[in-house]
Amino acid sequence: TALLHPSATTSVHGSALCASTALQPRALVCMGDHPELVEVCRGRYCSKKGSKRTLELMQEMAPEGTTVQVADCSDTDHGCFDECTMGPNVRVGKRILNGVKGPQACADVLGVEVPTASE
């Protein structure tokens, strides 16, 4: 399940993001609109937690108009989002989403349905 960074602003009924308070202090995320850019951390710890597969899934599922790429973290001290224990981590806009792993979590971030086996 994708988790929203604790400092991010959420809107329960907003069109761009919906949140549930099932987990505190983070919230489950489902993106309503398709994001333009999704960046997946491929740092050492996120890679160990499955970010390669997360990147592949998101690239396969990305709707038209959405770019999914390896995160450019060259401006950070550690070359990552510095939330290693909660990976795989994904950046959408200025939000860092934690624990984005598996088809459903990737689809939620992208605002798409999980493809069926026949697609």
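Helices, taken as H or I runs of at least four residues, and strands, taken as E runs of at least two, are DSSP runs numbered from the N terminus. In the predicted model described here, the chain holds three helices and seven strands, and, when read along the sequence, these elements follow the pattern β-β-β-β-α-α-β-β-β-α. The chain has 119 residues, of which 39% count as buried. Among contacts between residues at least 6 apart in sequence, 58% join residues that are at least 24 apart.

Strand β4, which spans residues 37-40, takes part in two of the pairings considered here. With β5 it pairs in the parallel sense over four bridges, and in this pairing Leu-37 has Thr-67 of β5 as its bridge partner. With β6, by contrast, β4 pairs in the antiparallel sense over three bridges, and here Glu-39 has Arg-91 of β6 as its bridge partner. As a general point, the side chains of a regular strand alternate between the two faces of the sheet.

Arg-91, which is placed in strand β6, has a relative accessible area of 18%. Because buried means under 20% relative accessible area, Arg-91 counts as buried. A polar atom of the Arg-91 side chain lies 3.2 Å from the backbone oxygen of Asp-72. When neighbours within four places in sequence are left aside, the residues in contact with Arg-91 are Leu-37, Val-38, Glu-39, Asp-72, Phe-81 and Ile-96, so that Glu-39, the bridge partner of Arg-91, and Asp-72 are both included in this list.

The loop between β5 (67-70) and β6 (90-92) contains Glu-83. Helix α2 (residues 51-61) and helix α3 (residues 103-110) pack at an angle of about 50°, with their axes 9 Å apart, which makes α2 oblique to α3. The crossing in which α2 passes α3 is right-handed. On the side of α2, the contact is made by Thr-54, Leu-57, Met-58 and Met-61, while α3 contributes Pro-103, Cys-106, Ala-107, Val-109 and Leu-110.

Methods: Residues are numbered from 1 along each chain as its sequence is written. This is a predicted model: local features need pLDDT of at least 70, side-chain atom pairs count only at pLDDT 80 or more; totals for chains, interfaces and linings use all residues. Side-chain values use heavy atoms; hydrogens and water are left out. Buried means under 20% relative accessible area, exposed over 50%, partly exposed in between (1.4 Å probe, protein chains only). A polar contact is a pair of N or O atoms within 3.5 Å; within protein, one must be able to donate a hydrogen and the other to accept it, and residues adjacent in sequence count only if both atoms are side-chain atoms. Contact means heavy atoms within 4.5 Å. Two strands pair if DSSP finds at least two bridges between them. Axes are lines fitted to C-alpha atoms, for helices over the stretch in contact, and angles run from 0 to 180 degrees between N-to-C directions. Angles under 35 degrees count as roughly parallel, over 145 as roughly antiparallel, 65 to 115 as roughly perpendicular and the rest as oblique. A crossing is left-handed if the near helix is turned anticlockwise from the far one by less than a right angle, and right-handed if clockwise.
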